[in-house]
Amino acid sequence: SVASASITTEAPVMTGSVAISGTEKFGQVLTATPSLTYTPTTSSDVPTYQWKRSGTNIGSATASTYTLVEDDITNTITVTITADGTHATGNVTSSATGAIAKADGPSAPSAPTLASKTATSITLTANSLNEFSKDSGSTWQSSEVFTSLTPITSYTFVARVKATSTTNASSASVASASITTEAPVMTGS
């Protein structure tokens, strides 16, 4: 007979699974670990990766690892591995992560220490300072100088490192030693 028309065999079908490992917090790296099977077997396929945020592709996140960014916070992440379409066909998608959390809050600074004082003001210093608080439950202050204080009165202070949009709650220092304002000074003639 004459030869048949050309018949092309089908590409192997890729199946399997992909797991995501890593800490589900802003700034951390997630890693996709595939366990793929090709039927029939092929060694030529070079699959691609696509990371997704709540089901939507994340721009150029196409490597086997992905570093979590601010937009990921409160969303879930998945990764899909797709066969190259020439040597194999098919794709597998991971299970979703939990909701991505903010990073751990900053470390607490040291307790504030006295720099100077008068009858009505106290100036403090602290390392890693972002904010100060006067006494328990007081309004947070944005300055290291506290004014309009009562003469001959004891105060304690706390330094706090601010949380950011990508971190959890602020961290506060232990309270300072009790600091007593000075007695008023009488002047005149």
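This is a short tour of a predicted model, stop by stop, with what to select at each one.

**The whole chain**

Start with everything shown as a cartoon. The chain has 16 strands and zero helices. It holds 189 residues, and 28% of them are buried. Now think about how the chain comes back to itself. Take the contacts with a separation of 6 or more: 58% of them are between residues 24 or more positions apart. Switch to a surface view. The chain exposes about 10900 Å², and carbon and sulfur atoms supply 51% of that area.

**Colour by confidence**

Colour the model by pLDDT. The mean over the chain is 84. A value of 70 or more is reached by 86% of the residues. Then select residues 135-142, where the pLDDT is below 50. In the model this stretch has 11 contacts beyond near neighbours in sequence.

**The largest nonpolar core**

Go inside next. Nonpolar side chains tend to be buried together in soluble globular proteins. Select W51 and I77. The largest nonpolar core has 18 residues, and these two touch the most other members. Then pick L124, F146, L149 and I179. They are among the seven residues of a second, separate core.

**W51 and its ring partner**

Return to W51. Its relative accessibility is 0%, so W51 counts as buried. Which ring pairs with that of W51? Select Y66. The two ring centres are 5.8 Å apart and the planes meet at 25 degrees, so the pair is stacked. A search of the whole structure finds one aromatic pair. Y66 is buried too, with a relative accessible area of 8%. W51 is in strand 3 and Y66 in strand 5, so the pair ties together parts 15 residues apart in sequence.

**T78 in strand 6**

Stay in this region of the view and select T78. This residue is found in strand 6. Is T78 buried or exposed? T78 is buried, because its relative accessible area is 13%, and under 20% counts as buried. Show its contacts, leaving out residues up to four places away in sequence. T78 touches I20, Q50, W51, K52, T93, S94, S95 and A96.

**Two salt bridges**

Side chains of opposite charge can pair when their charged atoms come close. How many salt bridges are counted here? The count comes to two.

Select D104 and K25 for one of them. Their closest N and O atoms are 2.5 Å apart. D104 sits in the loop between strand 7 (91-93) and strand 8 (113-117), while K25 sits in the loop between strand 1 and strand 2, so this pair ties together parts that are 79 residues apart in sequence. K25 is partly exposed, with a relative accessible area of 26%.

Now select D72 and R53. In this salt bridge, the closest N and O atoms are 2.5 Å apart. The pair links distant parts of the chain, 19 residues apart. D72 lies in the loop between strand 5 (65-67) and strand 6, and R53 lies in strand 3. Compare how the two partners are covered. D72 is buried, at a relative accessible area of 0%. R53 counts as partly exposed, at 22% relative accessibility.

**Backbone details**

Most residues other than glycine have a negative phi, and most peptide bonds are trans.

- Select T39 and P40. A cis peptide bond joins them, with omega about -10 degrees. P40 is found in the loop between strand 2 and strand 3.
- Select S54. Its phi is positive, about 50 degrees, although S54 is not a glycine. S54 lies in the loop between strand 3 and strand 4 (56-57). This residue is partly exposed, with a relative accessible area of 42%.
- Select T74. Its phi is near 75 degrees, a positive value in a residue other than glycine. T74 lies in the loop between strand 5 and strand 6. T74 is exposed, with a relative accessible area of 62%.

How values were computed:
Residues numbered from 1 in each chain as written. Predicted model: local features only at pLDDT ≥ 70, side-chain atom pairs only at ≥ 80, totals over all residues. Heavy atoms only, no water. Helix = DSSP H or I, 4+ residues; strand = E, 2+ residues; numbered from the N terminus. Buried < 20%, exposed > 50% of the residue type's maximum accessible area, 1.4 Å probe, protein only. Contact = heavy atoms within 4.5 Å. Areas by Shrake-Rupley, 256 points an atom, 1.4 Å probe, with all protein chains shown as cover. pLDDT = per-residue confidence, 0-100. Core = buried A, V, L, I, M, F, W, Y, C linked by side-chain atoms within 4.5 Å. Salt bridge = Lys/Arg side-chain N within 4 Å of Asp/Glu carboxyl O. Phe/Tyr/Trp six-rings, centres within 6.5 Å; stacked < 30°, edge-to-face > 60°.
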